[in-house]
Every structure is written in C-alpha cells, then in structure tokens.
Amino acid sequence: MKRLSEERAKILFEKLAKFIGPNVKQLIDRPDGTYCFREHRDRVYYVSEKILKLAETFNPNQLVCVGTCFGKFTKSNKLKLHITALTYLAPYAQYKIWVKPSFEQQFLYGNHVPKSGLGRITENTPQYAGTVVYSMSDMPLGFGVAARSTADCKLADPLATVCFHQADIGEYIRSEDTLF
Amino acid sequence: MGRKANFAEKQKKGPGRKTKKQKPPSFPAHIAGGPESETKLSHRQKQRLLKRKEKQQKLVSKKKVKQNEIPPSDDEVSADNMSDDHDQSDDASSTEDNQAPNKLFDMSDEESEDEMLEVEKANIELKKKQKRETEEDEEAEEDDEEDGGEDNREALQISFQDNDKELTLQDVQQRIKDILLVLNDFKRLRQENISRAEYVAQLRKDLCLYYSYDEFLMSKLMDIFSLSELMEFLEASEVQRPVTIRTNTLKVRRRDLASALINRGVNLDPLGKWTKVGLVVYSSQVPLGATPEYLAGHYMIQGASSLLPVIALAPQEHERILDMCAAPGGKSSHIAALMKNTGTLFSNDVNRDRLKAVVANFHRLGVNNAIVSCEKGEKLKSIISGFDRVLLDGPCTGTGVISKDPTVKTSKSDVDIQRCYNLQRKLILTAIDCLDANSTTGGYLVYSTCSVLPEENEWVIDYALKKRNVKLVPTGLDFGEEGFIKYKQLRFHPSLKLTRRFYPHTHNMDGFFVAKLKKFSNAIPVGVDDEEEEEQEPEVQETNSINETSKKKKRANHDSSNEVQKKKFKKNEEINGEIIKKVKKDVGANTKPSQQKLVASDSTTNGVLKKKVMKNKDVTKKLKQKNIKAVGSETNEVKKKKQIKKNNDGGIEGNKTTGKSADANSKINQKKLKKNGDARSNVNKKKLKMKKGPLLKKVATIDH
C-alpha cells in the first residue's frame with residue numbers, strides 16, 4: 001500500500017473526471033471520514049483512512065485487497081478502470097445511457113450498444129464522453145464511451161454503434177481470475 | 001458459488017410425442033386366447049368333445065384295472081421290459097376283460113407300445129419316476145415354508161450370508177429393513193444364536209453397501225444417530241438441498257428482489273421466519289448465477305445453513321470483526337451487510353486462489369469496509385487482535401454436506417478427522433486470543449462447522465472451554481437441536497447444551513454446528529497453554545485411549561511417548577542380554593570340564609564376536625541418542641548407558657573366558673549372534689511393545 005505518485009494521481013483523476021466530472025471532489029471530501037487512493041501491486045484502491053491504518057499491520061505480500069479496487073495501471077502507465085469502480089461511478093455519473101431490456105443480456109456479454117438497443121440517453125452527451133450504462137430499471141450495468149453525441153444518435157441508422165463498451169458487470173464472472 | 005451449476009433442470013413429463021399417434025396393439029382372439037375361444041365351439045364340436053372325454057375316462061378306468069393286476073414296483077417294471085411276450089399276453093387278457101367297442105382302440109394302443117424300443121420304455125419310466133420325486137420334493141419344500149412362516153412369528157429369519165455377488169440391491173434393502181425391525185424389538189424378534197452386535201455389524205455392512213459409504217464413516221454416524229434417525233439422515237444425504245439465496249441488503253430489499261426474480265421466471269418463497277434475507281428457489285427458467293440481478297450484486301447464492309453462524313454472531317455497526325476462514329465470502333459479505341458497511345471487516349483465508357472469489361464477491365455486493373488477507377489462521381494473533389467479534393467457520397471433514405460432495409462417503413479416515421480437529425483446536429484458541437474481552441459491545445466468538453461429528457464440534461468447544469477464559473452463551477437461534485454433552489466415552493461440559501446442531505433430515509439444510517462463546521477475561525489461564533504439547537497431542541492419541549480431561553491426556557501422552565522410547569531401549573538391552581546369556585550358556589557347557597586350562601583364545605573367532613558386539617553397541621548408541629532427544633532426562637540415560645556397557649563388556653569377557661574350548665562352539669555362536677542380530681533389527685523396525693516389568697527382571701538377572 002503506497003501513495004500514488006503525482007503522475008499516476010493525475011492520470012487517475014483525469015480518467016475519473018471523464019465519467020463523473022467535477023464530482024471527483026466528492027470522492028475525496030466525504031462527510032463520513034477521509035478517504036484516499038492507494039496503490040498496491042499496480043492496482044488503485046479507494047479506501048477509508050481508518051481501514052487503511054488497520055490494513056498496514058499486515059505484510060503487503062499477504063494483503064489481497066483493501067476497500068474498493070478502481071482499476072489497474074498498465075505497463076505503459078495508462079489506467080484501465082475496472083468494473084469494480086462502478087459502485088462509485090454510477091451515483092455521480094454525468095452522462096448516462098439506458099439500454100432496452102432485450103439488449104441487457106447482449107451488453108452483459110461485452111457488446112457495444114447499437115442504436116437499436118438504446119432506450120434513453122442523457123440530453124447533451126458529447127461524442128467520446130464517458131457514460132455509465134443502465135438498464136431501464138435503473139440498475140447500473142457497466143460503462144463505456146459515447147460513440148456519437150445525442151444529436152447524432154437521433155439520425156443514426158439502427159445498427160450504428162452508440163456507445164463503445166468498456167466494462168460490464170458480466171466481467172465478475174468472465175474475468176474473475178484476471179480482475180483482481 | 002454455484003454460478004456454474006445448472007439450476008434449470010427440466011424433467012420429462014408425459015409419455016412423449018410418438019405415443020399419442022399409436023394406439024395400444026390389438027390381437028385376434030385366437031392369439032389372445034381367453035374365455036372367448038372356448039365359448040365359440042359349434043354344436044358338433046361340442047359333441048365330439050364329449051365323446052373324446054368319454055373315451056378318455058374309459059381308458060383311465062381300464063388302466064386302473066391293469067394296475068391292480070400288476071402292482072408297480074421298479075424291479076417288476078424292469079422285468080416286464082425284459083420279457084416282451086409275457087407282457088403282451090398279460091395285456092391281451094386285460095383287454096378281453098374290457099368292453100367290446102373299445103377293443104380296437106386298445107389294440108392299436110398296445111401295438112404302438114410294442115413298437116417302442118426298450119430304451120424308449122426305460123426313458124418313459126425314468127421320466128415318471130423323476131416326476132414323482134420332484135412332486136415329493138415340492139411337497140417337502142411347502143412343508144418347510146409353512147414351518148418358516150410359523151418361526152416368523154417368533155424370530156425374523158435373516159440370512160447372514162455374504163454372497164455379495166448374488167445379492168441384489170433389493171435384497172440388501174430388504175435385509176436392512178428386517179434388521180431394523182429386529183433391532184427395534186430385539187427380545188421378541190431376535191434369533192436365539194445371534195447377538196445384537198452381530199445384527200448391528202450386518203446392518204452396518206448392508207448400509208455401507210446400499211448407500212456406498214465406507215465402514216469407518218458409517219460406524220461414526222451410527223455412534224451419533226439412533227437407528228431410525230440414521231436412516232433418515234442417510235436418505236436425506238442422498239437428496240440435494242433446495243437452492244437458497246440471500247438478499248444483499250446493502251443494495252436491495254427482499255421484496256424488490258423477489259418481484260424482479262419472479263419477473264424473470266424464478267419460482268421462489270421466503271426461506272423461513274428466522275431470517276429476513278433468505279429466499280428459497282424451487283425452480284428457475286434462467287441460471288440463477290448469471291441473471292443481471294446477480295451480477296449487479298443484489299443477491300448471493302448460499303446455503304440456508306450458512307446464514308446461521310452470522311445470525312448467531314449478530315454483528316453490530318462500527319465494530320471490528322474477523323472472519324478467519326472467509327472463502328468464498330458468503331458469510332463474510334453477510335456480516336458486512338449487517339454492519340451496513342461501517343466498522344472494519346477482516347476476511348482471512350489460507351488459500352490464495354479461493355480469495356479471488358472473496359474479492360470478486362465483495363466488489364459485486366458492494367462491500368467496501370473489508371480487508372482481505374491471506375494469512376495462516378494461527379498467525380493472526382501476532383498480527384492483529386482486539387476484535388469485537390470473531391467468526392470461525394473452520395475447515396472440517398464436511399460430513400454434513402454429503403449431498404453436495406458425495407466423495408466424503410469414502411474418502412475420510414481417522415487420520416483426516418484428527419488432522420481436522422487438531423487444526424480446529426489451534427484456530428479456536430487463536431480466535432479467542434484475537435478477541436477483546438473488554439469490548440463494550442462484543443467479545444463474542446462464533447464457531448461453526450459443516451460437520452456432524454462431535455470430534456470436530458463439541459470436543460473442540462470443550463477443549464476451548466478448558467484452555468481459555470470463555471463461556472458458552474445462547475446462540476440466538478430458536479431452532480436446531482442441542483449439542484451433545486456426552487458422546488461415547490467422552491463427557492463434555494454441561495453448558496454445551498447451548499450449542500446448536502442442524503441436520504439435513506430435520507431442518508432440510510446442510511448438517512451444521514453453531515456455538516457462540518463469550519470471552520470474559522483477556523488473561524490466559526496459567527499452566528494450561530503449551531503449544532508444543534498441543535501439537536503432539538492428537539498424533540499420540542492413536543495409540544492411547546482417549547482420556548477425559550485434556551490435562552490428563554497430555555500427561556498420559558507424554559508418558560506414553562516416553563514409555564515407547566524406553567521400551568525400545570529395554571528391548572535392545574534385552575536382546576543384547578540374551579546374546580550374552582547364550583554365549584555364557586555355551587561357555588558353561590563346554591568349559592566345565594576344561595575350565596582350569598585357560599589357554600589363549602583363538603583371536604580370529606573372538607575378533608568376529610567382538611565386532612558383532614561392537615555393532616550392537618553402535619545400534620544401542622543410536623537408540624540412546626533418540627531417547628535423549630525425546631525424553632531429555634539425562635539421569636536415566638547415564639544409568640542405561642552404564643547398563644549397556646556392562647552388558648556388552650560382560651559379553652566380551654564371557655567370550656574371552658571360553659578359551660580354546662570356545663573354538664569349537666565359536667561357529668555356532670556366530671550363527672546365533674547373527675540370528676539375534678537380525679531379530680534385533682527387526683524388532684527395532686517394528687517397535688514392538690513389550691511389557692515393562694518382566695523386561696526389567698530379565699535385565700536384572702542378566703546383570704547378576
């Protein structure tokens with residue numbers, strides 16, 4: 001468990017800002033105690049300081065996970081957000097996409113969202129903005145990147161991709177071994 | 001977590017598609033037979049039938065007359081066959097006596113008989129004879145059966161044969177039923193010459209065969225359950241328990257989850273009044289481990305029994321709680337849910353691979369107050385302590401979940417159980433040490449296993465009660481059966497009644513054991529704790545009968561281990577002594593006449609003897625070293641060393657004194673020594689146990 005370097009912290013916050021914008025602040029300044037980001041084996045964990053203190057009693061080699069894992073830094077020093085970050089991305093998300101019930105299962109198998117699967121979309125979503133994908137019953141399913149702006153979506157043909165898939169909750173099963 | 005299991009099993013209903021097209025086959029009357037063919041006789045046919053019958057009757061009456069004339073005996077029949085002409089004349093006379101209209105027919109009959117060869121006639125006779133014999137046999141058998149029926153009222157006849165090849169499963173089942181019947185009313189139904197033990201042994205054998213258990217586990221189960229309960233348990237262990245799910249209260253309410261799942265075609269119901277989060281699933285059209293609700297962390301698939309220890313633990317908010325054996329995270333996440341993600345939850349497990357499932361489940365269910373670590377349970381005490389509550393769902397033999405994992409039926413042995421409860425004892429002591437007795441809200445430990453064996457349950461708790469300042473408190477579960485306070489020769493603390501046992505046949509959940517302990521003092525009782533002895537304990541118990549108190553046990557075991565070492569030692573000494581004795585004897589026999597002539601000894605033969613004795617010395621030295629390690633009492637060692645030295649010296653001296661006369665016997669001595677040497681080595685290998693008293697005497701006599 002070590003602090004993030006300046007560079008990595010910057011990468012992390014830029015990435016988070018894509019999805020939740022200025023709400024990043026709310027992750028840091030919380031009324032119920034101080035929370036912080038820590039790095040452990042190239043993975044970023046978001047954890048309360050109280051828990052962090054207790055976790056430091058363990059040998060780092062024997063420590064598997066503390067708090068919530070947000071993502072992983074790749075060898076080329078890019079951050080790949082994991083689906084586990086969804087718990088914190090979903091409540092603060094700026095741009096949202098709702099998929100039709102018929103397309104729910106498709107999305108959970110890792111497919112991009114086409115226009116035909118699109119149920120609703122936030123009004124002023126720009127192109128390539130980070131979006132959180134919900135089911136029609138407001139259950140967060142994953143997140144991705146908007147392939148088109150809201151205005152373009154209206155004109156697009158049914159098979160055109162609206163949202164590029166980045167992570168979905170099906171990964172808990174599909175890639176349980178590589179995720180953690 | 002059963003995500004890969006196929007929960008949507010469809011059973012075939014009805015006879016199938018093709019059967020509807022085909023009608024049942026109909027047969028013409030003459031093939032089908034039955035009463036219709038008889039009624040359809042024409043008038044003439046009936047008349048002919050009557051005539052035929054008349055004829056036959058006459059024929060029979062005629063034959064009877066013949067039989068009166070010649071009484072049938074085997075000798076005479078053979079004589080008849082020998083002399084054909086006599087037979088013929090006799091027949092002729094009999095036909096003359098009969099009525100005229102039948103004469104022609106009769107004649108033809110006789111002719112046909114005449115045409116028969118001797119062999120054929122003999123064959124007919126033989127067949128008749130055989131028929132008669134078989135009839136007699138059948139009658140006899142019927143008599144026997146009637147007799148057997150009469151016996152049945154008094155004693156149930158059960159064949160105790162072991163013709164396993166011929167026995168079918170039905171036979172075995174029938175025998176099980178019979179034996180159970182007998183054992184339930186033993187005085188009235190038993191067979192005189194068969195004891196209860198024999199009945200029980202046979203029952204055990206049959207049950208093993210029928211349910212494919214091994215005898216060891218079956219005898220364990222027979223110790224725990226009464227016979228009727230045992231049968232129920234075995235039957236219930238063959239059937240899968242219903243799938244149950246736990247609502248994740250961090251994300252969703254049970255009612256919402258239930259309605260969402262019903263919309264997906266899942267047939268479910270609340271689990272019981274004792275839980276507000278459990279749902280039991282009867283059938284499902286979708287795989288329960290892959291619905292969007294599951295992936296979103298709205299529920300967790302876990303057995304009904306694994307809710308119990310967490311309910312017993314009753315975690316409070318803002319506490320520090322430890323789950324020592326967390327994988328795969330079902331109970332741990334339940335704890336986190338009850339804590340509402342406050343406080344700190346430590347989830348530990350030894351197996352790093354299984355921890356992946358814990359981490360995945362935590363993230364999926366939205367648990368973020370957890371620290372997941374991979375440490376040995378015993379080491380946790382030195383890393384962190386001062387917990388408000390600890391849950392120990394220890395590793396066990398899994399005898400309660402036979403329906404889940406049928407390999408348990410045959411794979412467990414005494415050593416496995418010992419290994420388990422040895423580990424459980426270590427873990428429970430660590431768990432208690434991790435607890436903080438001064439905690440304002442807690443200081444509780446919940447111990448649970450999915451085993452039904454008292455060795456892994458009550459005995460472990462009993463051990464903890466003796467070793468640490470803990471007491472049993474009610475578990476907070478209003479159902480379940482009370483724990484044992486006695487089992488075979490073991491007597492447990494009476495408060496063990498507060499523990500709870502759950503069985504597949506009574507509660508329709510996996511076999512489970514839950515105990516809740518409260519730590520009332522952080523001090524460790526003086527003179528109780530000794531880690532090394534604890535480790536030794538169960539291994540030695542194999543040889544030792546089990547004592548009631550652990551203190552006594554320890555001492556006894558310690559003694560016994562020393563005794564074994566000593567015995568080995570003594571044995572060695574004894575053998576050396578014997579060698580010496582024999583040598584002395586030989587010497588005595590041969591030297592008496594020539595004792596005064598002490599001629600210089602033959603150096604070569606004595607040399608060999610010396611060498612062998614030296615070898616013996618080496619071996620004894622090795623043994624001594626072992627003993628030093630094990631026993632550690634030096635004074636004894638010194639004494640023994642001296643003794644052995646004496647013995648060996650004596651042996652050499654004895655050889656020396658033989659002198660020339662020993663020459664002749666030296667070869668014989670050599671042989672004997674060899675033999676003894678071999679015997680000794682064998683004895684050392686086998687570690688034979690000899691009685692202490694006589695050995696001491698022998699050694700003493702040898703010394704003098």
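In an unreviewed UniProt entry, the feature "binding site" covers Cys325(B), Ala326(B), Ala327(B), Pro328(B), Gly329(B), Gly330(B), Lys331(B), Asp349(B) and Asp393(B). These positions spread over 69 residues of sequence, yet they cluster in space. Their largest C-alpha distance is 13.0 Å. The model is predicted.

Two of the annotated residues are set out here. Ala326(B) sits in a loop of chain B, between β5 (320-323) and α17 (330-339). Gly330(B) is part of helix α17 of chain B. Buried means under 20% relative accessible area. Ala326(B) therefore counts as buried at 5%, and Gly330(B) is buried at 7%.

The contacts below leave out residues up to four places away in sequence.

| Residue | Contacts |
|---|---|
| Ala326(B) | Ser332(B), Ser347(B), Asn348(B), Asp349(B), Val358(B) |
| Gly330(B) | Arg246(B), Met300(B), Gln302(B) |

Among the contacts of Ala326(B) is Asp349(B), itself one of the annotated positions.

Now the helix. How many of the ten residues of α17(B) are buried? Nine are, so the helix is largely enclosed by the rest of the structure. Just after α17(B), Lys340(B) adopts a positive phi of about 55°.

Methods: Residues numbered from 1 in each chain as written. Chains lettered and ligands numbered in written order. Predicted model: local features only at pLDDT ≥ 70, side-chain atom pairs only at ≥ 80, totals over all residues. Heavy atoms only, no water. UniProt positions renumbered as here; feature names shortened; annotations may be inferred. Helix = DSSP H or I, 4+ residues; strand = E, 2+ residues; numbered from the N terminus. Buried < 20%, exposed > 50% of the residue type's maximum accessible area, 1.4 Å probe, protein only. Contact = heavy atoms within 4.5 Å.
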